[in-house]
Amino acid sequence: MRGIDLEVKTGEVFGLLGPNGAGKTTTLEILEGIRPRTSGSVSVLGLDPAAQSKEIKDRIGVCLQATNLPDKMKVHEALDLFAAFYSKNADRDQLLKRLQLWDKKDALYKTLSGGQKQRVALALSLVNDPSLLFLDEPTTGLDPQVRLEIHTVIQELKKDKRSILITTHYIEEAERLCDRVAIVDAGKIIELGTPREIQSRVLGLTQVEVTTRLALPLDTLPEKIRDEKHSSSNEGRTLTVQSSTPATLIMELVRWIDQLGFELVDIHMKRPTLEDVFIELTGKRLREG
Amino acid sequence: MKPYIAQISSNLRLMGRDRSVLFFSTLFPLVFFFTFAQAFRAGSSPGAMSQVFASVMIIGVLGSGFFGAGIRTVLDRETNILRRFKVAPIGPGPIIVASMVSGWVAYMPTVCLFLIFGKFIYHAPLPANLFSLFIFITIGLLAFRAMGMIIASVVNSQQEATVLIQLLYLPMLFLSGATFPLEMLPDWVKTVANFLPATYLYLGMKSILVGGESAFSKPNLWAGLALITAMAVALFVGIKLFRWEKEEKIGGKAKLWILVVLAPFVLSGFYQAHSKQSIGREKQLNRQSSRQRSVLFNNVNIFVGNGEIIQHGAVLIKNGKISQVFRQPPLDTASLNAEVEDESGKTLMPGLIDMHVHIGAPGGVFKNPQDYANPHAQMRRLAAYLYSGITTVRSTGDLLEGALEVRKNSQSDDNTVAQFYTCGPLFTASGGHPEELLENFPEFMRKMAKEQFMRQPKSAGEARTQVDALKLAGVDCVKGVLEAGNESWGKFNRLDPQIYRAVMDEATKQGLPTATHTGSAADVKLAIDAGSNSIEHGSTVDLIPDEAFAAMKARGIFYDPTLSVFEAYSDLAQGKTQILDRPLLQQVGPLDLINNTKSVFSKPPKELNVARANSLFEIPVQNLLHAYQSGVTLITGSDAGNPMVIHGPTVQHEVELWVDAKIPKAVALQAATYNAAKALHQETRIGLIKEGMDATFLLLDGDPLQDITATEHINAVFLRGEHIDRSDLFDQFKK
């Protein structure tokens, strides 16, 4: 890590977004008290993870990537075992029901599906009713269906008054789950804010695109539209305009085309994604392939 | 505490569900158990059963430590299970401690199963020191689980763990004594064994199971201490080096920590390699184990020892004692839980006893004078006796300290030799027999030899003081010498009767059996009068009168004619050495002594007086016959150590001489067994084939009551239940 400066507020879901090897997991491990830091200051729940790792571990919940449990351990046994390690315990029956594991509480770990295993991992991270939850790539390696299942669970967890720190390299996940996001690359935070803020700060504007049957006479473009950044393509039949006020722009564009008597074939509005932001900021894609 | 308990109970639950754990910690050792038990015929032998218990328990402990703890932990790390525990607020402590404790809890039922199966299937009694056994297994198991954990802590992958564990596991399995007795293994392996923790565990278990030792006996305390130290170091280092994730690698140097953990055994190994204590200990335990066999000698003729004969009976031995004597072969041998050996055509009789030897003298002439100084010579002589079926000898005149040392060594399980009793020095007059023999010693040794070999009290008071001192030193008997000598032999000062009486009286007061060398009928009379318990030699110059034998019979005084030595002197006077050609004597050797003695003595002296030479033997023969006819209780002695009476099959030759002299065979054999045991005050232990006596006896091919030379056809020798491996006896004292 080259220097990461961030603060996670109580009750928010904070995402650390970045490609593999960006330093997301390392950041998390320093915060969780399982990896020493070389410099800087860290405060987790008002404690120093390096000096008070045990206290911190007792109060946080952690869901690491790719952990396992013994094949022959039953779901409820895993919860009971880990509960014994903490000074404070959540209601485990409640937890199992909430994570839709109630039916599976007597099932052996090895008989669980991937999604169920991940839900068990989430349940274990909540067994001490933590006020701060670390989820390290909670959906990596899961198929899309299961990923959605986990998203639902995390959204459900958002309702509690606890802070959640998620690392992910899935844009949708960050956009969907996080209140704020930090984009990390090569050990540095390169952007920080709500997903919307970041998008607009980096690319600013929403694109509106109209397509007609005939080439549009750009010289008749109304003053208001002409001032915005615009371009045409598709032999002049498609016009793309960027604006900070897309709603007004759309009304202007429709009115102009209507006046021209042209037939409007298509209109759509495109908001920039975090993926675009990331490509814009780093020149590389988040996921390989 | 809560995390520890939770982790332990979780481990136990998982072990209970894991079939491979069940296989390795219970079924696998049980398979070994039944295999070993069958192979060692454990059903009929508590000793063999103890060996089986020790072996399978070690195999279980090794498996639990290396595979149950070591490999399991590595696997948990490799499959990202430990990773999950890393973020919990616990250190490695609960993981390691729980692994040790749950391994212990899981293994104990297996130990109980061994004992239960042992008891109900193989009729093995529960070990006497059950508590010690459990303590020692517990220490061993925890130490080996900790060692398994340290291995897990210093390897980076399962492959590395497997290699390292095999490197430790296989030597400990095969070279610790657990699977092959150490005794069987070559010397370099014995040395290696001293460095293996498993050897200490094994010897400890075996000492508890076989030897009935406590877990707190000195060697076990040391072994336990080494195991606990290794466990403490392994725990400490294991916690320090513990890694939760396979991605965390550790340097190759970390493997040196294993050596640190094994340090107590490395140190002890060097000490043991030097002292050879543990090897000796294993040998002792194997002997003890061999004594614990239960054997039925079936269809055997029994010479009981007291004159009684049982044709076609059976003898059952258990735990080194005669447990039952059957007048007919038992119908249901299976219920006896013993190995059954058919001994048709053989005779079982008490081990022979030579009541008159001088263990310090070779009985011949060495070619190389250095052989006289061989420190093992006396022990080798005792081995020669045992080889020859003479299971007990009494020394009637030897260097005190040397004889006591020999007795001490003969009682140690390090040595397999005949049982030895000694009178120590003999009481004689100044200038009396056998002071003349001191000239055979090199001059610088004569003073020492005189002090050690003789007591020459100048007054009755001094005599008593000297007897008391000998009693304190620990002699088994007191020997007096009454010998005035004769024309052909020379004249000696005879011990003053008053002083002699004091010696006999004081010895009797001290509870010591007494024996008196006599040279004439007058000496015999004095000895009887003074209350000597036995008359040694009788007389070579005159016939002992009726009233003397009548008095002996009345007072229960034993008569030990020692015909062998007189025959030897008679032959010597004629240059005859055929008595050295007997096959059994040739077997026990030492051959160079026999051959050199033959070449030295085979030339007849210049003035050959055949008549006088013959009388040297004939008068004692007459006296023996007279004693027998008078009903005197006879005992056998050879006076071995004198020229041409070489230590070995002495009693056989003595009884043969008696039989030649028309003494009935049964009388001669009783003299060599029961009577001799009585004279030694050992008749409650040896000399009889009777329930409760030591299983110290011979199996002879043939029937000595038909042909007395059958006593030389020894099929087997048993000493306190131990079947003596006669072929190995002389290897003990090679160096």
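Which residue, with a positive phi, follows α7(B)? In this predicted model, the residue that follows α7(B) is Gly177(B), with phi near 100 degrees. The helix itself, α7 of chain B, runs over residues 158–175 and contains 18 residues. From the first C-alpha to the last, α7(B) reaches 25 Å, close to the 26 Å expected at 1.5 Å a residue. The axis of α7(B) has a kink of about 25 degrees, and the kink is centred on Gln166(B). The buried residues in α7(B) are Ala161(B), Ile165(B), Leu168(B), Tyr169(B), Met172(B), Leu173(B) and Leu175(B).

A helix of chain A was examined in the same terms. Helix α10 of chain A spans residues 246–260, 15 residues in number. The distance from its first C-alpha to its last is 21 Å, close to the expected 21 Å at 1.5 Å a residue. Within α10(A), the residues Leu249(A), Glu252(A) and Leu253(A) are buried. These residues lie on the same side of α10(A) because they cover an arc of only 95 degrees around the axis. Exposed residues on the other side of α10(A) are Ala247(A), Thr248(A), Met251(A), Arg255(A) and Asp258(A). The cover over the buried residues of α10(A) includes the strands β7 (206–212) and β9 (238–243) of chain A, together with the helix α9 (223–226) of chain A. After α10(A) comes Gly261(A), for which phi is positive, near 80 degrees.

Positive phi values also occur in chain A in residues other than glycine. One of these is Gln100(A), with phi near 55 degrees. Gln100(A) is placed in the loop between α4 (92–98) and α5 (114–125) of chain A. Gln100(A) has 16 C-beta neighbours inside 10 Å and therefore counts as partly exposed. Another is Asp129(A), where phi is near 45 degrees. The loop that holds Asp129(A) lies between α5 and β3 (132–136) of chain A. Asp129(A) counts as partly exposed because 16 C-beta neighbours lie inside 10 Å.

In chain B, the peptide bond that joins His433(B) and Pro434(B) is cis, with omega about 5 degrees. Pro434(B) is found in the loop between β9 (426–427) and α15 (443–453) of chain B.

At the level of domains, chain B is divided into two parts: domain 1 covers residues 2–291, and domain 2 is made up of the segments 352–424 and 513–733. The centres of domain 1 and domain 2 of chain B, taken over C-alpha atoms, are separated by 52 Å. Contact between these domains involves six residues of domain 1 of chain B and six residues of domain 2 of chain B. On the side of domain 1 of chain B that touches domain 2 of chain B, there are no nonpolar residues, four polar residues and two charged residues.

The contact between the chains takes 21 residues from chain A and 18 residues from chain B. On the side of chain A that touches chain B, the elements giving two or more residues are α2 (53–59) and α3 (75–83) of chain A. The residues of that side of chain A divide into 13 nonpolar, two polar and six charged.

Key: Residues numbered from 1 in each chain as written. Chains lettered and ligands numbered in written order. Predicted model: local features only at pLDDT ≥ 70, side-chain atom pairs only at ≥ 80, totals over all residues. Domains from an automatic or database assignment. Contact = placed C-beta atoms within 7 Å. Nonpolar A, V, L, I, M, F, W, Y, C, P; charged D, E, K, R; others polar. Helix = DSSP H or I, 4+ residues; strand = E, 2+ residues; numbered from the N terminus. Expected span 1.5 Å × (residues − 1). Buried ≥ 20, exposed ≤ 12 C-beta atoms within 10 Å, placed from the backbone. Arc of directions from axis to C-beta. Bend = angle between axes of the 7 residues up to and from the residue.
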